[in-house]
Amino acid sequence: MTDNRKSLDLTLYDAVQTTRPLIRNIVAAVDATLKGTGVTVGVRAVLEVLFAADNASLPEVTKHLNLTRQFAHRMLGEAADAGFVERKPSPTRKGLMFIA
């Protein structure tokens with residue numbers, strides 16, 4: 001590893017370490033506002049994408065939120081099971097679209 005690369009890696013690590021408490025506090029604050037709604041922070045993030053896009057496929061949600069496919073699928077499934085979104089066949093590809 002070059003010295004420049006090592007320095008960049010350490011700088012990025014320091015940035016993550018510095019911002020981690022802030023991110024945890026933001027997530028806790030959002031979670032507190034959702035208490036009693038049946039919506040988790042993850043489901044809320046997915047719903048925000050669906051409302052902004054009008055509808056989206058699993059790959060689109062995954063790409064937009066930079067999530068793993070499995071996590072996005074689970075959040076979309078929770079949203080659909082709770083009645084927040086509707087599953088529809090995608091007109092352009094195999095699979096489902098999610099309509100908010």
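Reply: Please note that this is a predicted model.

Me: What follows α3?

Reply: Asn-66 follows α3, and this residue belongs to the loop between α3 (58–65) and α4.

Me: What is the phi of Asn-66?

Reply: Asn-66 has a positive phi of about 55°, although it is not a glycine. For context, most residues other than glycine have a negative phi.

Me: Is Asn-66 buried or exposed?

Reply: Asn-66 counts as exposed, because its relative accessibility is 71% and the cut-off for that class is over 50%.

Me: Let us change topic. How many residues are in the largest nonpolar core, and which touch the most other members?

Reply: The largest nonpolar core has 17 residues. Those that touch the most other members are Val-43, Val-46, Leu-47, Leu-50, Val-61, Leu-76 and Val-85. As a general background, nonpolar side chains tend to be buried together in soluble globular proteins.

Me: Which helices each supply at least two residues of this core?

Reply: Helices α2, α3 and α4 each supply at least two.

Me: Take Val-46. What does it touch, leaving out residues up to four places away in sequence?

Reply: With those left out, Val-46 touches Val-61, Leu-65, Met-75 and Leu-76. Val-61 is also one of the buried residues of α3.

Me: Now to charged pairs. How many salt bridges does the structure hold?

Reply: It holds four salt bridges. One of them joins the side chains of Glu-48 and Arg-44, at 2.8 Å from N to O.

Me: Where do Glu-48 and Arg-44 lie?

Reply: Both lie in helix α2 (residues 41–53), four residues apart, which is about one turn of the helix. Glu-48 counts as partly exposed because its relative accessibility is 44%, and Arg-44 is partly exposed at 33%.

Me: And what of Glu-78 and Arg-74?

Reply: Their side chains also meet in a salt bridge, at 3.9 Å from N to O. Glu-78 and Arg-74 both lie in helix α4 (residues 69–81), four residues apart, or about one turn of the helix. Glu-78 is partly exposed, with 33% relative accessibility, and Arg-74 is partly exposed, with 48%.

Me: Which residue forms a salt bridge with Glu-86?

Reply: Lys-88 does, and the closest N and O atoms of the pair are 3.2 Å apart. Glu-86 counts as partly exposed at 42% relative accessibility, and Lys-88 counts as partly exposed at 37%.

Me: How far apart are Asp-3 and Arg-44?

Reply: Asp-3 and Arg-44 are 41 residues apart in sequence and 41 Å apart in space, taken from C-alpha to C-alpha. Arg-44 is the residue whose side chain meets that of Glu-48 in a salt bridge.

Definitions and conventions:
Residues numbered from 1 in each chain as written. Predicted model: local features only at pLDDT ≥ 70, side-chain atom pairs only at ≥ 80, totals over all residues. Heavy atoms only, no water. Buried < 20%, exposed > 50% of the residue type's maximum accessible area, 1.4 Å probe, protein only. Core = buried A, V, L, I, M, F, W, Y, C linked by side-chain atoms within 4.5 Å. Contact = heavy atoms within 4.5 Å.
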